[in-house]
Number of protein chains: 2
Amino acid sequence: MEQDHYAGLLLENQLCFPLYAASREIIRLYRPYLEALDLTYTQYITMMVIWEEREISVKQLGGRLYLDSGTLTPLLKSLEAKGYVTRTRSEADERVVLVRLTDTGLALRERALSVPAGMRACLRLTDAEAATLYKLLYKLLTSETGN
Amino acid sequence: MEQDHYAGLLLENQLCFPLYAASREIIRLYRPYLEALDLTYTQYITMMVIWEEREISVKQLGGRLYLDSGTLTPLLKSLEAKGYVTRTRSEADERVVLVRLTDTGLALRERALSVPAGMRACLRLTDAEAATLYKLLYKLLTSETGN
DNA sequence: TGCAATTAGATTGTACACAAGATAATATAC
DNA sequence: GTATATTATCTTGTGTACAATCTAATTGCA
C-alpha cells in the first residue's frame, strides 16, 4: 500500500538520477586524461567546439554547449590565461566577444587526440548500445524545450 | 583527411556530451517543481533516500547518491536548517553521523508526490524508450568502476 | 531621427562537485 | 595493551552551473 503510493518518489524509479550520476561518473573518468592537458571537462568540450570553429562568439559557444555567459565568461578567461584562446570584441558588433584559437591551443589538439579512444575503452558498452544511448540522449536533449 | 583524423574530437561524436547536457537540462526542468518545496535537485534526490530509509549515515547516503561528504555535509546542514532532517553522531560509533527524517521532512513527502508525474510529462520519451535509456544508464553507471 | 526594446556579455550570489588535507574515533596487528 | 592503519566526517580551495541583475551596443519602429 504505502510502497505503491510513494513508489514514484523512490530513487530507483527515477530516470533523472542515473542520468545525473552517470554524467558525473563519466566526467570523473575523464579527469586523469584531461589533467595531462591542464583542462577540466567543461574546458575540454569547450575546446572541442573551438578546435572545430577556430573562431566563435560566446553566444554561439553557449548555444552549442547549452551553457550561458555566467559559466562561459570565467571559463574562457581561464582558457585565455592558459594561452589556448584569445578573447576580443568584434569590430562589426561591439557587444560580441569573439573567442579565437591560438597556436598553443591548436597544438593542444594533437595532445588531445588520444583522449576519446582512452575513454571509450573505459566504457563497457557495445557499439550498438552506445548508438542507442546517444540517440535517446539527443532525443531527451532536443525534445523537452517546448515545456 | 583532416576531418577523419580529428573526428574523434568533434563534439557531435561524443557520448559524454549529450549525457552531460541532458542531465543539466532535466535538472533545469525540475527547478520550478522543486522551488515550491524549497529544494534544489540534489537536495530532492537526497530527500528521496531519506524518505525511504528514515535514518541513514552520511557514508551510506553517499554510496546511494555517488556523492562524497564534501558535497553532502553542507547539503545536509542546509536540509537540517530547513527542518527536514536532524544530524546526530551515532552513539555506537562516534565517527558516524546519522541523518534522520523529521516530521516536517515526512510532511514534505506528501507535497512532493506530484513532482514525478509532472516531470514525466515534460519528457517526450515513450515508456519503452525510457526503459531502454534507464537500463543503459545503469549499465554505464555500474560497469566503469573497474577502470 | 529618436527612443524603446532587444541583444551580448559580464557580474553577483547561491549551491553544488570533488580533490586534498585535517581530525577524531575505531579497528588491527604485534 | 599499544602503535599503526583504517574509517567517517569535516574543512578548504577550485571550478563549474545558473538565476538575476547590470551595462553597453544595436535594432526597430513611430
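Trainee: Which residue does B:Arg100 form a salt bridge with?
Mentor: B:Arg100 pairs with B:Glu55, and the closest N and O atoms are 2.5 Å apart. The pair links distant parts of the chain: B:Arg100 sits in strand S3 (residues 97-101) of chain B and B:Glu55 in strand S1 (residues 55-57) of chain B, 45 residues apart. Strands here are DSSP runs of E with at least two residues, helices are runs of H or I with at least four, and both are numbered from the N terminus. A salt bridge means a side-chain nitrogen of Lys or Arg within 4 Å of a carboxyl oxygen of Asp or Glu.

Trainee: Before we go on, what kind of model is this?
Mentor: This is a predicted model, where local features need pLDDT of at least 70 and side-chain atom pairs count only at pLDDT 80 or more, while totals for chains, interfaces and linings use all residues. Residues are numbered from 1 along each chain as its sequence is written, chains are lettered from A and ligands numbered from 1 in the order in which they are written, and side-chain values use heavy atoms, with hydrogens and water left out.

Trainee: Back to that pair. Is B:Arg100 buried, exposed or partly exposed?
Mentor: B:Arg100 counts as partly exposed, at 30% relative accessibility, and B:Glu55 is partly exposed too, at 38%. Buried means under 20% relative accessible area, exposed over 50%, and partly exposed in between, using a 1.4 Å probe and protein chains only.

Trainee: And what does A:Arg100 bridge to in chain A?
Mentor: A:Arg100 forms a salt bridge with A:Glu55, with 2.5 Å between the closest N and O atoms. Again the pair joins distant parts of the chain, A:Arg100 in strand S3 (residues 97-101) and A:Glu55 in strand S1 (residues 55-57) of chain A. A:Arg100 has a relative accessible area of 30%, so it is partly exposed, and A:Glu55 is partly exposed at 39%.

Trainee: How many salt bridges are there over all chains?
Mentor: A search of the whole structure finds 16. One of them joins B:Asp93 and B:Arg95, at 2.8 Å from N to O. B:Arg95 is exposed, at 71% relative accessibility, while B:Asp93 is partly exposed, at 25%. In chain A there's also a network of salt bridges linking A:Glu52, A:Glu53 and A:Arg64.

Trainee: How many salt bridges run between chain A and chain B?
Mentor: Two. A:Glu129 forms a salt bridge with B:Lys139, the closest N and O atoms being 2.9 Å apart.

Trainee: OK, so what area is buried between chain A and chain B?
Mentor: About 6400 Å², with carbon and sulfur atoms giving 68% of it. Buried area is the accessible area (1.4 Å probe) that two parts lose on being put together, summed over both. A:Leu9, A:Tyr20 and A:Arg124 supply 11% of the area that chain A buries against chain B, more than any other three residues.

Trainee: How many residues are in contact?
Mentor: 62 residues of chain A are in contact with 62 residues of chain B, where contact means heavy atoms within 4.5 Å.

Trainee: New topic: which residues of helix H7 in chain A are buried?
Mentor: In H7 (residues 115-122) of chain A, the buried residues are A:Val115, A:Pro116, A:Gly118, A:Met119 and A:Cys122. They cover an arc of only 160° around the axis, which puts them on the same side of H7(A). That arc is taken from the directions from the helix axis to the C-beta atoms.

Trainee: What do those buried residues pack against?
Mentor: Helix H2 (16-35), helix H3 (41-53) and helix H6 (103-112) of chain A. On the other side of H7(A), A:Arg120 and A:Ala121 are exposed.

Trainee: And in chain B, which residues of H7 are exposed?
Mentor: B:Arg120 and B:Ala121, on the face turned away from the buried side of H7(B).

Trainee: Last one, backbone this time. What is phi of A:Tyr66?
Mentor: Near 60°, a positive value in a residue other than glycine. A:Tyr66 lies in the loop between H4 and helix H5 (69-81) of chain A, and is partly exposed with a relative accessible area of 28%. B:Asp38 also has a positive phi, about 55°, although it is not a glycine. B:Asp38 is in the loop between H2 and helix H3 (41-53) of chain B.
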